[in-house]
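User: Could you walk me through this structure with me? I would like to ask about its contacts, its inner spaces and its backbone.

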Amino acid sequence: MTSSFSDTYAQARQKFLSLASERAAKVVSSVHPTERGAQGEDLAIDIAIFGDPEAEKTLFLVSGTHGQEGFLGSALQIEFLRDLEIPEGVNVVALHALNPWGFSHLSRTDEANIDLNRNFGDYAASLTPDELYPVLVRALCPDDWTEETIDWSGVRDQIVAAHGFKRMVTVLAGGQVFEPTGLNYVGQGPSWSRRVVAEILPQIFAKARKIAFIEWHTGLGAFGELSHLCSFEPGSAAYERVFDWMGEAARSSFAATFELTKGETPSYQGLFSAWLPTTAPQAEWAGLLIEVGTYDNLTVGDAVRMDRWLRFGQGRSFMPRDQMRRTMMEGLNPSDASWRAKALENGLDAQRRALRGLQRW
């Protein structure tokens with residue numbers, strides 16, 4: 001199964017498009033008009049329609065919202081769709097590489113440093129400056145990457161003591177519009193990726209009346225295990241439907257990933273999965289973002305910080321850039337064969353659960 005993994009975005013895209021061709025899937029591709037990949041290749045959002053486009057039920061699978069995390073999402077799409085017998089009356093749609101620039105260049109964000117999973121909101125309209133952000137960004141994004149400068153535990157402990165975990169983690173991870181080179185940058189307007197899917201998805205979903213979706217991420221949670229973030233209102237029919245499909249234990253799995261903050265999770269701005277139902281208002285929706293865990297919060301957090309430093313850091317580093325890039329990627333896309341096998345096993349199970357649930361719905 002691990003052959004579904006790729007070493008580069010170009011390889012992942014080739015595998016995805018080859019599978020789509022073998023299965024006679026219709027593919028809608030939008031190639032980035034100005035940017036190129038790390039190997040000089042085209043960068044594209046590819047959306048493949050594997051089932052009946054006239055069907056009233058659609059399963060939608062998304063990879064690569066955060067670039068480096070696309071390797072697992074791509075592998076899960078390819079492995080799931082290779083031999084899938086698509087039920088009658090069901091359409092299966094796979095969006096490959098929502099953030100192709102980040103996928104190719106091994107970065108969480110896009111070419112403008114926009115975190116796409118914070119870009120699907122109303123930008124500065126819902127964000128107000130927080131006095132804690134400048135303090136946190138200085139601690140988390142130092143000019144020098146040394147053992148002394150990267151330790152932000154003192155700042156973290158002071159902020160938590162004065163303001164609590166919830167506020168700190170929301171300021172840190174919820175989305176910000178104030179520093180374009182900082183972490184979790186929302187952007188000043190729609191990213192290229194948002195403009196593309198806002199145009200294409202309403203056309204693809206025009207006939208759908210019930211849509212189930214999974215958006216794949218990596219990082220948070222136990223090694224190879226799944227953590228579930230559902231954007232629907234708790235207690236709503238869509239919310240309850242998701243956890244009926246995924247199992248009762250899935251309800252608390254996302255909060256459990258935040259060990260550093262005692263289960264306190266951010267108030268996120270601009271999540272793709274929260275915006276997604278607007279593309280087909282005529283349909284009922286049920287779905288979620290799923291994280292596949294890699295390592296502990298500090299390791300994953302440092303990987304995200306390394307990604308940012310590799311793009312914008314101007315000072316000294318105690319490790320060569322190539323080594324830092326490998327370390328960063330290991331934190332988000334482990335090469336460990338046991339992780340890849342477990343991640344695929346658990347991810348495929350979730351996709352099968354969503355498909356079965358959609359059939360019953």
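This is a predicted model: local features need pLDDT of at least 70, side-chain atom pairs count only at pLDDT 80 or more; totals for chains, interfaces and linings use all residues.

User: How many salt bridges does a search of the whole structure find?
Analyst: Side chains of opposite charge can pair when their charged atoms come close. The criterion here is a side-chain nitrogen of Lys or Arg within 4 Å of a carboxyl oxygen of Asp or Glu. Searching the whole structure on that basis gives a count of 16.

User: Which elements hold arginine 13 and aspartate 46, and how many residues apart in sequence are the parts that the pair ties together?
Analyst: The side chains of arginine 13 and aspartate 46 form a salt bridge, with N to O at 2.7 Å. Helices (H or I, at least four residues) and strands (E, at least two) are DSSP runs, numbered from the N terminus. Arginine 13 belongs to helix H1 (residues 9-22) and aspartate 46 to strand S2 (residues 44-49), so the parts tied together are apart in sequence by 33 residues.

User: Is aspartate 46 buried or exposed?
Analyst: Buried means under 20% relative accessible area, exposed over 50%, and partly exposed in between (1.4 Å probe, protein chains only). Aspartate 46 has 0% relative accessibility, so the class is buried.

User: Where is arginine 316, and which residue does it pair with in a salt bridge?
Analyst: Arginine 316 sits in the loop between helix H10 (297-312) and helix H11 (321-332), and its partner in the loop between helix H4 (132-140) and helix H5 (153-163), 172 residues apart. Arginine 316 counts as exposed at 55% relative accessibility. The closest N and O atoms are 3.3 Å apart, and the partner is aspartate 144.

User: Which class of accessibility does lysine 342 have?
Analyst: Lysine 342 forms a salt bridge with glutamate 225, their closest N and O atoms being 3.7 Å apart. The pair links helix H12 (residues 337-360), where lysine 342 lies, with the loop between strand S5 (210-219) and strand S6 (226-229), where glutamate 225 lies. Glutamate 225 counts as partly exposed at 35%. With a relative accessible area of 32%, lysine 342 is partly exposed.

User: What is phi of alanine 97, and where is this residue?
Analyst: Most residues other than glycine have a negative phi, and most peptide bonds are trans. Alanine 97 is not a glycine, yet its phi is positive, at about 70°. Alanine 97 is buried, with a relative accessible area of 0%. The residue lies in the loop between strand S4 (90-96) and helix H3 (100-105).

User: Which element gives the most to the lining of the largest cavity?
Analyst: On a 1 Å grid over the protein atoms alone, a cavity is a set of points where a 1.4 Å probe fits but cannot get out, and lining residues have an atom within 4 Å of a point. Grid points are joined across faces, edges and corners, and a volume is the space filled by probe spheres set on the points. The largest cavity holds about 640 Å³, and helix H6 (165-173), S5, strand S7 (284-293) and H10 each give two or more residues to its lining. With seven residues, the top contributor is H10.

User: How are the ring planes of phenylalanine 213 and phenylalanine 232 set: stacked, edge-to-face or tilted?
Analyst: Rings of Phe, Tyr and Trp (its six-membered ring) pair if their centres lie within 6.5 Å; planes under 30 degrees apart count as stacked, over 60 as edge-to-face and the rest as tilted. The structure holds 15 such aromatic pairs. The rings of phenylalanine 213 and phenylalanine 232 have centres 6.4 Å apart and planes at 55°, so the pair is tilted.

How values were computed: Residues are numbered from 1 along each chain as its sequence is written. Side-chain values use heavy atoms; hydrogens and water are left out. On a 1 Å grid over the protein atoms alone, a cavity is a set of points where a 1.4 Å probe fits but cannot get out, and a pocket is an open set with protein on both sides within 12 Å along at least five of seven lines; lining residues have an atom within 4 Å of a point.
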